Amino acid sequence: MATTMTNDELRADIEALVERLGPGRASLIPILADVKRRFHEIDSETMQTIADVLDIHPVEVHSVASFYAFLHSAPEGQFVIRLCGTLPCDFAGKQAVADALRTELGIGFDETTEDGLFTLEWTSCMGMCDQGPALLVNDEVHTRVTPEKAKAVVAACRAAAVAKEA
Amino acid sequence: MPVIIETQGNALTYETIEPEAGLKAALATSRADLVDTIRDSGLMGRGGAGFPTGMKWGFCAAEKADQKYVICNADEGEPGTFKDRVILTRFADLVLEGMTIGGYAVGASLGIIYLRAEYTYLRPHLNDVIQKRRAAGLLGHDVCGVEGFDFDVIVAMGAGAYVCGEETALIESLEGFRGEPRNRPPFPVVAGLLNNPTVVNNVETLASVAAIMAKGTEWFKSFGTDKSSGYKLFSVSGDCDKPGVYEFPWGITVAELLKEVGGEGAKAVQIGGASGVCVPARDFERRLAFEDIPTGGSVMVIGPDRDILDVAENFLEFFVEESCGQCTPCRLGNPQMLEAVKLLKAGACPPEFLENVKELAGTMQVASKCGLGQTSPSAFLSILEGFGDEIHNRAAGA
């Protein structure tokens, strides 16, 4: 993200968020979520800036970011595909979907494609147990996913990314 | 428009509750009487722990503070649970009504819905419902024209951590910290969010409050058993013909439930999610009730062809991932149980190792800091007990 924004721009951005969310510690998680959504990573420079603006130690920022599954600081793709790993989705055939996603994306779980488009992860129960296998693509829920449907989801993401570029 | 994700099931009582009838009845009651009414209804927390709601409210109401909070725990993360998703999608007004009634009862002016990150798609819907209620005078300044009763609700997002369903971890998360449970006491009703008295109630509990106030305690107590009053929503998944969200009165047997959902022939049912117990077929006459098998409503049906050790392994992988790591019994105990299950699967678990791990599991139940570590051994131990022969035969290479 440092390559696309200057420090001043980043700081102004985070200050604007704090303006909206309030200067308290309670704003930290919403700030991290917002940064993650927009930049797909939370690098150390950003953590330092957030810490400065909230007047806390950067270690505090790292400590919180590393705790939550949806705030991990490592760079992620534009589309984070999370496949539910819990029992009902397991019974419903998550393994075949997992294999299809690995093949289609050419990466394993907890990896990101070289083009920066996709990250593949397991997630804990996402509350779609009556209609598994279930997966999340960013905030979007997909249920009763078959290997074919998983490939179609990936294709739709690719098309959306191309449309965004154009 | 909310994203409607169709979930099957039976008819739900919530469909028949007249909108705002509960809120109006509550606001026409004195605060003390309102707490007594909820206490008399026998309503117990629907998230799984089963703490009496009226008692919780009574503690919070008795505290003197400038600011109090009502938190709706919508961090529905227990594996196999999705009834709160259905309630928030279809009956969000009832939940907000319940929060408002709670705010009036305990003297809180702000309600917060803590919504799990996986349900982000529900956030616009909830904000929409909140906005409409503000416009209708059901939230905000002088709610329903009751002078001096100000109550508003906001939505706060989780960020992917099962442990935040534990009420003190949830509060830590709302304050911007790692979701690590606090030592109790003090309980949140005394010192919760920002050290102010705070009531934390499950989504379904709050919807039930609105129903009880609309239709009365006698009506509510006409369902269920003496010790478990009312009805309950069950999230049914796994090896059955009709998975979905079902309402049953407390006291239904496992066998009766299985018949309703087309799950006869199951070899076991996991009740209460990963932190619950695995009930083998020979115990299907047991009842779902606080006095027999208490549960937050997760029912995972395990068919005759499933390997019971796969079930145990799946749950333990979950707990190894979701333990917050703060206390030693939970951080170190869960990986040991997982190791034992992997060895059992390979037919290579030394008996003395298994005995040690069972003892460790017992230690976790008493020495872990929060419900996560106290309950994560339940499935492991009940599977060892209920399926000893299957596991033993396998270890012997049969």
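Predicted model: local features only at pLDDT ≥ 70, side-chain atom pairs only at ≥ 80, totals over all residues.
Trainee: How is chain A divided up?
Mentor: Chain A has two parts: residues 7-71 make up domain 1, and residues 79-165 make up domain 2.

Trainee: And how far apart do the C-alpha centres of those domains lie?
Mentor: The centres of domain 1 and domain 2 of chain A are 27 Å apart.

Trainee: Next topic, the contact between the chains. How many residues does each chain put in?
Mentor: Chain B gives 48 residues and chain A gives 33 residues.

Trainee: What area do they bury between them?
Mentor: About 2900 Å², with 62% of that on carbon and sulfur atoms.

Trainee: Which three residues of chain B supply more of its buried area than any other three?
Mentor: B:Glu118, B:Ala159 and B:Arg178, which supply 20% of the area that chain B buries against chain A.

Trainee: How many salt bridges are there between chain B and chain A?
Mentor: The count is 1 salt bridge. A:Asp130 pairs with B:Arg85, and their closest N and O atoms are 3.1 Å apart.

Trainee: Switching to helices α13 and α14 of chain B. At what angle do their axes cross?
Mentor: Roughly 145°, and the axes of α13 (residues 351-367) and α14 (residues 371-386) come within 8 Å.

Trainee: Left-handed or right-handed crossing?
Mentor: α13(B) passes α14(B) in a left-handed crossing.

Trainee: Which residues make that contact?
Mentor: On α13(B), they include B:Leu354, B:Val357 and B:Met364. On α14(B), B:Phe380, B:Leu381 and B:Leu384 are among them.

Trainee: How do the contact residues divide into nonpolar, polar and charged?
Mentor: For α13(B) with α14(B), there are 8 nonpolar, 5 polar and 1 charged.

Terms used: Residues numbered from 1 in each chain as written. Chains lettered and ligands numbered in written order. Heavy atoms only, no water. Domains from an automatic or database assignment. Axes fitted to C-alpha atoms, helices over the stretch in contact; angles between N-to-C directions. Helix = DSSP H or I, 4+ residues; strand = E, 2+ residues; numbered from the N terminus. Left-handed = near helix turned anticlockwise from the far one by under 90°. Contact = heavy atoms within 4.5 Å. Nonpolar A, V, L, I, M, F, W, Y, C, P; charged D, E, K, R; others polar. Buried area = accessible area lost by both parts, 1.4 Å probe. Salt bridge = Lys/Arg side-chain N within 4 Å of Asp/Glu carboxyl O.
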